[in-house]
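This report describes selected features of a structure, beginning with the contact between its chains. The sequence and structure are shown below.

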Amino acid sequence: MAEAVAPVRPNVSLAQRAWRIRHNALRMAAVQGQGYIAQALGIADVLAVAYFHALRYRADDPHWEGRDRFLLSTGHYAIALYAALIEAGIIPEQELETYGSDASRLPMSGMASYTPGMEISGGSLGQGLTIAVGMALGLRRKNSDALIVNLLSDGELNEGATWEAAMSAAHWRLDRLIALVDVNSQQADGPSQQMLGFEPLAAKWQAFGWHVQRIDGNDIAALVAAFDAARSHAQPSPRVILCDTRMARGVGFLEQREKAHFIRVAADEWQSALGALGEMPA
Amino acid sequence: MSTDRPRLTTSAMIASLAAEGQRIRAAPFGHALAALAARRPEIVGMTADLGKYTDLHVFAAAYPDRFYQMGMAEQLLMGAAAGMAREGFVPFATTYAVFASRRAYDFICLAIAEENLDVKVCCALPGLTSGYGPSHQATEDLAIFRGMPNLVIVDPCDALDVEQAVPAIAAHRGPVYMRLLRGQVPLVLDEYDYSFELGRAKLLRDGNEVLVISSGIMTMRALEVAEQLRADRIGVAVLHTPTIKPLDEAAILEQAAKPGRIVVVAENHTVNGGLGEAVAALLLRHRLAPPFHQVGLPDAFLAAGALPTLHDRYGISTAALATRIRNWL
Ligand SMILES: Cc1ncc(C[n+]2csc(CCOP(=O)(O)OP(=O)(O)O)c2C)c(N)n1
Ligand SMILES: [Mg+2]
């Protein structure tokens, strides 16, 4: 494996990283009293393994040419990525207090021009994988071995552009490209399968020419193994890790919420949410 | 924790346009469509994973078997709406204004408009009505759609306008793009002698010093400014122009020809290619040259932030409009 860099607090376990990412996200959500906190809690394990096991980057130089590129096309997941970027030392922790406020570098929707470590502007869903294809082609032209990792939501599988990009990535044999799909089974109007059924997902990506793994996206050991397998896979095809996640994972009373896409929580409930997260794992 | 901290301003996607204490009506589009659907069995509702966010869920609850959830696939939504229309149905297709105008443009243009099909594209978050940043701020939707032949364009002011526009656009045969105000929508126009008529501009109040020609929420702003300036004996006429295309040329020319007034066109849209430029060209074609001013959004990608902050910064709040009009007098 290429140098996997854990830039701050090297003795912290991945489970502890994930806990701290959840903790950061809850503190940000509390600033606004609302937000995409269920997504952040659900994807925290994926981000912990990405940022503290798989990705190569320099916390003090987010534009370092040799970095692996992490592309967040789901702008509304920004709260989750901010939480990870804070844990990675790319964003100072005290900025967490400004989340979603006027003149903050941490707007509710992730945008490249606002935030160090945010590679692309998300928000118009379904664009991320197309940009990833172009970056992979560009990096190949530059003889770079950097990875391009694109985090997609399952809702983005509804967009035709995602599948255009999927076909293209296989066509160009983009073997440095890893797509992570957060299959949280939720979209804006309700459960994903009621919006536009996309199963069987593994077979679809396979048929599109991708190396496919489908795992429990809240299982850190499974995530580590999947990232390693995606990196070491010998065939020149793009790789996708389909991550089945549980929304609001780690905060029981939020996991039970039916309206999970955009959560409003009463001011006093945020304390209970932090409480429900429990102590940092040993 | 933040419990006792003052509530911070927010760049959330959804924000109400209603001022504190303003009268509102909830989901006027959804209720009007459900009411109309009782009389028009060929109407169907279609959305791209934004039923709840465009108030179409009200229609969906009333007529579940006439509601089509197409998933977050705006191109598919518009193509499928065209197909439905070809088979004799009248689809009301909803998404956000950015995704209809930017992502689905080609499908609306060729599959719907070129065939003059009876599809009503109704879109939330028009202009600057979201603090979420450029991905959700449809600052150029009118410019984009004004270029599309056959398409009628409607920019309602408030809940009453939305309610009355729904049956009016359904009665029109052909494609329509309507800017949607959703959720808790301000109610303003019921205090005026007004009703929505497709293709008609209406003089809501008269005045001798200023003529404001406006559409959408800027009419609400203009009415508030007119009230403020009345205290200083400055008369502000407000010509509400909810149909952007085709423009009510006769009404605009008649008002603009009255001497002694400055003309201010106010729109919740970039100054490029919207109502302001449409009116300017109209006046010039008819050799009318009153002192002319445009109020609209700058030609820029706008910031994320709280909506009131942004409306002030970009000059479309009531206060900003009043200041600018005073400076022009
Ligand atoms: C192109 C596009 N269409 C519609 C939207 C509005 N939108 C924002 S999030 C969302 C739900 C998409 O599903 P997903 O990302 O899986 O939702 P989540 O898991 O976060 O609930 C929609 C429709 C958008 N941002 N971009
Ligand atoms: Mg989802």
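Which side chains of B:Arg103 and chain A meet in a salt bridge?

## Salt bridge across the interface

The side chain of B:Arg103 meets that of A:Glu159 in a salt bridge, with an N to O distance of 3.1 Å. The coordinates form a predicted model, and the values reported here are computed from it. Across the interface of chain A and chain B, the rule finds 1 salt bridge. In general terms, side chains of opposite charge can pair when their charged atoms come close.

## Interface of chain A and chain B

The interface brings 40 residues of chain A into contact with 35 residues of chain B. About 2,900 Å² is buried between the two chains, and carbon and sulfur atoms give 47% of this area. On the side of chain A, the residues that lose the most area to chain B are A:Asp102, A:Glu159 and A:Asp189, which together account for 21% of what that side buries.

Polar contacts between chain A and chain B amount to 17 residue pairs, with both residues at pLDDT 80 or more. Helix 1 (14-32), helix 6 (192-195) and helix 10 (269-277) of chain A each contribute at least two residues to the side that touches chain B. By class, the residues on that side of chain A comprise 15 nonpolar, 19 polar and 6 charged.

## Salt bridges in the whole structure

Over all chains, the structure holds 30 salt bridges. One of them joins the side chains of A:Arg27 and A:Glu93, at 2.9 Å from N to O. This pair links distant parts of the chain, 66 residues apart: A:Arg27 belongs to helix 1 of chain A, while A:Glu93 lies in the loop between helix 3 (78-87) and helix 4 (128-141) of chain A.

## Helix packing in chain B

Within chain B, the axes of helix 1 (residues 28-39) and helix 7 (residues 159-171) come within 8 Å and cross at roughly 35°. The crossing of these two helices is right-handed. Helix 1 of chain B makes the contact through B:Pro28, B:Phe29, B:Ala32, B:Leu33 and B:Leu36, and helix 7 of chain B through B:Ala159, B:Val162, B:Glu163, B:Val166, B:Pro167 and B:Ala170. This contact has 10 nonpolar, no polar and 1 charged residues.

## Backbone geometry

Most residues other than glycine have a negative phi, and most peptide bonds are trans. In chain A, a cis peptide bond joins A:Glu199 and A:Pro200, with omega about 0°. A:Pro200 is placed in the loop between helix 6 and helix 7 (201-207) of chain A. In chain B, the peptide bond from B:Lys245 to B:Pro246 is cis, with omega near -5°. B:Pro246 is found in the loop between strand 12 (243-245) and helix 9 (249-256) of chain B.

A:Asn143 is not a glycine, yet has a positive phi of about 55°. The residue A:Asn143 lies in the loop between helix 4 and strand 3 (148-153) of chain A.

Methods:
Residues are numbered from 1 along each chain as its sequence is written. Chains are lettered from A and ligands numbered from 1 in the order in which they are written. This is a predicted model: local features need pLDDT of at least 70, side-chain atom pairs count only at pLDDT 80 or more; totals for chains, interfaces and linings use all residues. Side-chain values use heavy atoms; hydrogens and water are left out. Axes are lines fitted to C-alpha atoms, for helices over the stretch in contact, and angles run from 0 to 180 degrees between N-to-C directions. Helices (H or I, at least four residues) and strands (E, at least two) are DSSP runs, numbered from the N terminus. A crossing is left-handed if the near helix is turned anticlockwise from the far one by less than a right angle, and right-handed if clockwise. Contact means heavy atoms within 4.5 Å. Ala, Val, Leu, Ile, Met, Phe, Trp, Tyr, Cys and Pro count as nonpolar, Asp, Glu, Lys and Arg as charged, and the others, Gly among them, as polar. Buried area is the accessible area (1.4 Å probe) that two parts lose on being put together, summed over both. A salt bridge is a side-chain nitrogen of Lys or Arg within 4 Å of a carboxyl oxygen of Asp or Glu. A polar contact is a pair of N or O atoms within 3.5 Å; within protein, one must be able to donate a hydrogen and the other to accept it, and residues adjacent in sequence count only if both atoms are side-chain atoms.
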